[in-house]
Amino acid sequence: MKKIITMLLCAAALVSLCACGGAKESENVEPGTRMEDGTLVVALAGNPTTGYDWSCESDGSCLNGGDYEYVPDAVDEDVVGSGGVFVFRFTPAAAGTETLRFAYARSWEDEVLEEYELTVTVSGTEGAYTVEWTESGAAE
């Protein structure tokens, strides 16, 4: 009975890893922080097959967004367990300064493997915002 339960749990884990939270078709996305069409994009390398996920904490004072999509690296379809990029998108909502704190960790562990922090300054008015940021942390 234990073997059957173990096999079912492994199969469920494999199915959830293959789904990867709504991953797009494989394409290469470069890690880094940049502006794209008025949106602040933070792309962080990671591999959810290890159990690690990037999460973001912020106070939401001048940016909207913060959910991510996982984009797997473009690899041969028979490759299992390859990495990819967690892509977070933020749109300016008001002038001000906000700190974005990213953590790469497993949900069931207290230890954070990697951290990345941005201090974002939004200036201007609606429809004409300027976004600048400074980085701290060692995300690749």
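R34 forms a salt bridge with E36, and the closest N and O atoms are 2.9 Å apart. The term here means a side-chain nitrogen of Lys or Arg within 4 Å of a carboxyl oxygen of Asp or Glu.

Before I go on, the ground rules. This is a predicted model: local features need pLDDT of at least 70, side-chain atom pairs count only at pLDDT 80 or more, and totals for chains, interfaces and linings use all residues. Residues are numbered from 1 along each chain as its sequence is written, and side-chain values use heavy atoms, with hydrogens and water left out.

Back to the charges. How many salt bridges does the rule give? Five. E36 also takes part in a second one, with R89, at 3.7 Å between the closest N and O atoms. That pair links distant parts of the chain: R89 sits in strand β5 (residues 84–92), E36 in strand β1 (residues 32–36), and they are 53 residues apart. Strands, for the record, are DSSP runs of E with at least two residues; helices are runs of H or I with at least four; both are numbered from the N terminus.

Now accessibility. Buried means under 20% relative accessible area, exposed over 50%, partly exposed in between, with a 1.4 Å probe and protein chains only. R34 is at 24%, so R34 counts as partly exposed. E36, at 33%, is partly exposed. R89 is partly exposed as well, at 35%.

These contacts join up. R34, E36, E69 and R89 are linked in a network of salt bridges.

Elsewhere, E109 and R106 meet through their side chains in a salt bridge, 3.4 Å from N to O. E109 has 31% relative accessibility and counts as partly exposed. R106 has 23%, and is partly exposed too.

Next, the sheet. What is the strand order in the open sheet of four strands? The order is β1-β2-β5-β4, with antiparallel pairing. Strands pair if DSSP finds at least two bridges between them. Why is one side of β1 and of β4 left without a neighbour in the sheet? Because β1 and β4 (63–72) stand at the edges, and each has a single partner strand. Neighbouring strands of this sheet are turned by 20° against each other on average, direction ignored. The axes are lines fitted to C-alpha atoms, for helices over the stretch in contact, and angles run from 0 to 180 degrees between N-to-C directions.

Take one pairing. Strand β2 (residues 39–46) runs antiparallel to β5 over seven bridges. V41 has R89 in β5 as its bridge partner. R89 is the residue from the salt bridge with E36.

Now a loop. N47 lies between β2 and β3 (52–57). Is N47 buried or exposed? Buried, at 15% relative accessibility. Leaving out residues up to four places away in sequence, N47 touches Y52, G81, S82, G83, F86 and Y104. Contact means heavy atoms within 4.5 Å.

Last, the rings. There are nine aromatic pairs. Rings of Phe, Tyr and Trp (its six-membered ring) pair if their centres lie within 6.5 Å; planes under 30 degrees apart count as stacked, over 60 as edge-to-face, the rest as tilted. F102 and Y116 make a tilted pair, 6.0 Å centre to centre with 35° between the planes. F102 is in strand β6 (residues 96–106) and Y116 in strand β7 (residues 112–123), 14 residues apart. F102 and Y116 are buried. Ring pairs link Y52, W54, Y68, Y70, F86, F88, F90, F102, Y104 and Y116 into a cluster. Among them, Y52, F86 and Y104 also touch N47.
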